[in-house]
Structure formats: structure tokens, C-alpha cells
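Please keep the structure in view while reading.

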Amino acid sequence: MKERISPVRMREYLRMYLVMGNVNCRTEPEMVLAEALAGGITLFQFREKGTDALSGEQMFTLARQLQDMCRRASVPFIVNDDVELALELNADGVHIGQDDESAESVRERIGNRILGVSAHTVEEARRAILHGADYLGVGPIYPTVSKDDAKAAQGTAILREMRGAGIELPIVGIGGITADRAEEVIRAGANGVAVISAVTQAERVRSAVEGIAATVNQAVVRL
Ligand SMILES: C=C1C=NC(C(F)(F)F)=NC1=N
């Protein structure tokens, strides 16, 4: 039985985390992912949500194809919300929100796979840690265009607050993050950045990823 991921490895994976689905892409999602993998993303989340989101057979086929690309590049493949899909694909992990199934029962169902939990407050962070989360997705740090029911942007203060409260778990910031903003997200205490539109809406996806990854790597080294 595989053991739980170590915090050190989790932090490395969180450096440049691409979150996307078909709905976020201007061109074919496979093309966007191929470019993003070439640019050096360290973790991938399949998140097919919102208007015109794929479902059923089409969604499964796309998920399988993107998972295969990630596997060839040795980038872990995470599924958003849909635990059934994650288990069916034998994905590397799942990411769940506060209003999804409780982290406790998801942990039971997925065994030692990676479990990411969204957290907006120190209280939510503590509960997620209690229920066995391997990382926290914290945000939206800045206003986001990618989630229509997002909460108000919290700025980097929430990251400082969590670290100040003694939250040690690996944290990735999400929400409106660009290359220009990545450094301050890391300096505020995140171990990496999760992005959607900064990459999927870029003219040149590969260089967008390279730019963000370089900024994050420099900021992490300077900590
Ligand atoms: C709602 C979300 C919040 N955070 C994250 C991530 F940054 F990837 F952890 N993913 C989500 N889908």
C-alpha cells in the first residue's frame, strides 16, 4: 500500500499548479496541456466546471487523454470535486471544496492518494488538516475570472494569517495570479501558485508557464 505523500514532495509539486478544463481553453485542451507541460508545470488539476462543461463519455475521454499526457511527463494528475471519476481513472489525487463531500469521507475513499482541500479561513484550514488533507488551496487571492461563484478576493493577508496561526501544511495560492503577482504570493507564505487563465488564455502558453515558474522558483529560493 503506497504511503501518504511527504510535505517536502507536496511543496515541490505545488510550485506551478495548472488548473483547467475544456471550458477554460481557447484551443484544444490537449494542445494547451502539451504546451504547459513543455513549459514546466509541476502539478495538474482537471476541473471541468461552468457553462458548456463537458460531461459523461466526452468528459471521461478528455480526462483520460490529459491524464495520459501528465503520466508521460511524470506530472501528478488531480481531479477536482469528482471522487468517482478520480477513482475510475486511478488519478493521483482529488481536490475538494468546503461545500463538497467532507474531507474525512473523501480521505477514506481515496486511500493515500493526494487530497487537496480549499480553505478560506484558519478555521477551515485546521479542520482540513484534522481530516487528512495533504495541501490547502487558499484564495481567491486576487479577483478571479475563472470561477463564477468565487468569494471576495482576500489578498495575500490570508496567507500571512494562516502561517501566523501556525498552519504548516503545504499551501498553494489561487485566484487571479499572474507572473507579476507570483512573488508576493510566495513571500506571503504560499509554497506555489495555482493558475487557470494566466496560462490557458495566454497567446503563448509555454512561455507563460516558463515565466511564472521562473518567478516562483526565484522567490522560493530567496525565502
Ligand atoms: C476551488 C479550488 C481552490 N484551490 C484549488 C487549488 F489551488 F488547486 F488547490 N483548486 C480549486 N479547484
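Just after helix H2, glycine 40 adopts a positive phi of about 100°. The model under discussion is a predicted one. Helix H2 itself spans residues 29-39, and its buried residues are Pro29, Glu30, Val32, Leu33, Ala36, Leu37 and Gly39. Among the elements that cover these buried residues are strands S1 (16-20) and S2 (43-46), together with helices H3 (56-72), H9 (197-200) and H10 (205-222).

The model contains 3 aromatic pairs. In one of them, phenylalanine 46 and phenylalanine 77 are stacked, with 6.4 Å from centre to centre and 20° between the planes. Because phenylalanine 46 belongs to strand S2 and phenylalanine 77 to strand S3 (residues 77-80), this pair ties together parts that are 31 residues apart in sequence. With Phe44, they make up one aromatic cluster. Another ring, that of tyrosine 142, has the charged end of arginine 181 over it, 4.3 Å from the ring centre.

The pockets come next. The largest pocket holds about 700 Å³ of space. Its lining comprises 38 residues, and Arg47, Ser118, His120, Lys147 and Ile174 lie nearest the centre. Strand S6 provides the largest share of this lining, 3 residues. By type, the lining of the largest pocket consists of 15 nonpolar, 15 polar and 8 charged residues.

The second largest pocket has a volume of about 510 Å³. It is lined by 22 residues, of which Lys2, Asp92, Asn112, Arg113 and Ile114 are the closest to its centre.

Methods: Residues numbered from 1 in each chain as written. Predicted model: local features only at pLDDT ≥ 70, side-chain atom pairs only at ≥ 80, totals over all residues. Heavy atoms only, no water. Buried < 20%, exposed > 50% of the residue type's maximum accessible area, 1.4 Å probe, protein only. Helix = DSSP H or I, 4+ residues; strand = E, 2+ residues; numbered from the N terminus. Contact = heavy atoms within 4.5 Å. Phe/Tyr/Trp six-rings, centres within 6.5 Å; stacked < 30°, edge-to-face > 60°. Lys NZ or Arg CZ within 6 Å of the ring centre and 35° of its normal. 1 Å grid on protein atoms, 1.4 Å probe; cavity = no way out; pocket = protein on both sides within 12 Å on 5 of 7 lines; lining within 4 Å. Points joined across faces, edges and corners; volume = space filled by probe spheres on them. Nonpolar A, V, L, I, M, F, W, Y, C, P; charged D, E, K, R; others polar.
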